Amino acid sequence: MTAGPQLGIQLYSVRNDLGPERLDDTLGRLAAMGFTHAEPFDILSDPHGLAAAVRSSGLRTTTAHAAVTELDETAVLDAADLLDVGTVIIPWVEPRSIADRAGVERLADAINGVAERAARRGIRIGYHNHDFEFAQVVDGVPAYELLATLLDPAVVLEVDVYWAAVGGADVFELLPRLGDRVRFLHLVQHREPGNDRPVLGVDTAGRMAEVLALTAGTVELPVVEVVAHHSDVWPLVERNAAYFRARVSA
């Protein structure tokens, strides 16, 4: 990690501004807001173009989302090398695929296999949650809890705090229990009004400072993700940048 406060942005937040003619300006705009890292969600379409734009912006891409268990594994790891991505994070799986124990075990086996092979290239594998991993119960526990027990300890976790709460988790209990397995967080303080899902767990709205405090000793990078569907996302990105920048600098 570089010295000083670190703050990432999941590029899905600004997905409408990532075309070839806009990528340089968008990444530069994010860097000017105080983000130090960008987390891409597509590293295969044009890895060389993305790498050049990232270098030009001064941002780093130490994490990236890629469904490496479903895509061309070698292509994903080659792109990760090109982008200096140290951790490739599986962003999503089909909810029905982990609706029972056999499905969770298959997913864990697939992730563990990729993690072993990726480690030979100096790349870690991680897993990012949505809500369904917590909402779906397998053997009396949330599917996420079962998956975590089956994953090799080398597989790191990127906990999406908002989605975990929507699915039924109490992240203020979950994060300390998972401990140093949680290396990355997806966070949002300022969300688009009227675009929230019903929260089945403990609501995290307005409590990001508590989340950061809980994970201060273990999380390598907090990553902002703002998903707006009905308004201009940039004011929300800027407000979140200011909020989290002040707290990771404290």
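A75 is found in helix α3. Helices (H or I, at least four residues) and strands (E, at least two) are DSSP runs, numbered from the N terminus. At 29% relative accessibility, A75 counts as partly exposed. The cut-offs are these: buried is under 20% relative accessible area, exposed is over 50%, and partly exposed is in between (1.4 Å probe, protein chains only). This is a predicted model, in which local features need pLDDT of at least 70 and side-chain atom pairs count only at pLDDT 80 or more, while totals for chains, interfaces and linings use all residues. Residues are numbered from 1 along each chain as its sequence is written, and side-chain values use heavy atoms, with hydrogens and water left out.

**Helix α1 and its faces**

- Helix α1 covers residues 23-32, and its buried residues are L23, T26, L27 and L30.
- Seen down the axis of α1, these buried residues fall within an arc of 95°, so they line one face of the helix. The arc is taken over the directions from the helix axis to the C-beta atoms.
- An α-helix has 3.6 residues a turn, so residues three or four places apart point the same way.
- D25 and A32 are exposed, on the face of α1 turned away from its buried side.
- The buried residues of α1 pack against β1 (8-10), α2 (47-57) and α10 (233-248). Contact here means heavy atoms within 4.5 Å.

**How α1 meets α2**

- Two packed helices are described by the angle between their axes and the distance between the axes.
- For α1 and α2 the angle is about 35°, and the axes are 9 Å apart. Axes are lines fitted to C-alpha atoms, for helices over the stretch in contact, and angles run from 0 to 180 degrees between N-to-C directions.
- α1 passes α2 in a right-handed crossing. A crossing is right-handed if the near helix is turned clockwise from the far one by less than a right angle, and left-handed if anticlockwise.
- On the α1 side the contact uses L23, D24, L27, G28 and A31; on the α2 side it uses G49, L50, A53, V54 and S57.
- These contact residues divide into six nonpolar, three polar and one charged. Ala, Val, Leu, Ile, Met, Phe, Trp, Tyr, Cys and Pro count as nonpolar, Asp, Glu, Lys and Arg as charged, and the others, Gly among them, as polar.

**Salt bridges**

- The count comes to 14 salt bridges. The rule asks for a side-chain nitrogen of Lys or Arg within 4 Å of a carboxyl oxygen of Asp or Glu.
- D17 pairs with R22, with the closest N and O atoms 2.4 Å apart. D17 is buried at 12% relative accessibility, whereas R22 is partly exposed at 44%.
- R101 and E105 meet in a salt bridge at 2.8 Å, N to O. Both lie in helix α4 (residues 101-119), four residues apart, about one turn of the helix. R101 is partly exposed at 35%, and E105 is partly exposed at 31%.
- E220 forms a salt bridge with R124, the closest N and O atoms being 2.8 Å apart. This pair links distant parts of the chain, 96 residues apart: E220 is in the loop between α9 (208-214) and β10 (221-224), and R124 is in strand β5 (residues 124-128). R124 is partly exposed, with a relative accessible area of 28%.

- Most residues other than glycine have a negative phi, and most peptide bonds are trans.
- D84 is not a glycine, yet has a positive phi of about 60°. D84 sits in the loop between α3 (73-82) and β4 (87-90) and is exposed, with a relative accessible area of 61%.
- D139 is not a glycine either, and its phi is positive at about 55°. D139 lies in the loop between β6 (137-138) and β7 (141-142) and is exposed at 54%.

**Distances along the chain and in space**

- A75 and P176 are 101 residues apart in sequence and 35 Å apart in space, C-alpha to C-alpha.
- A154 and R124 are 30 residues apart along the chain, with their C-alpha atoms separated by 7.4 Å.
- A154 is in the loop between α6 (143-150) and β8 (156-160). At 46% relative accessibility, A154 is partly exposed.
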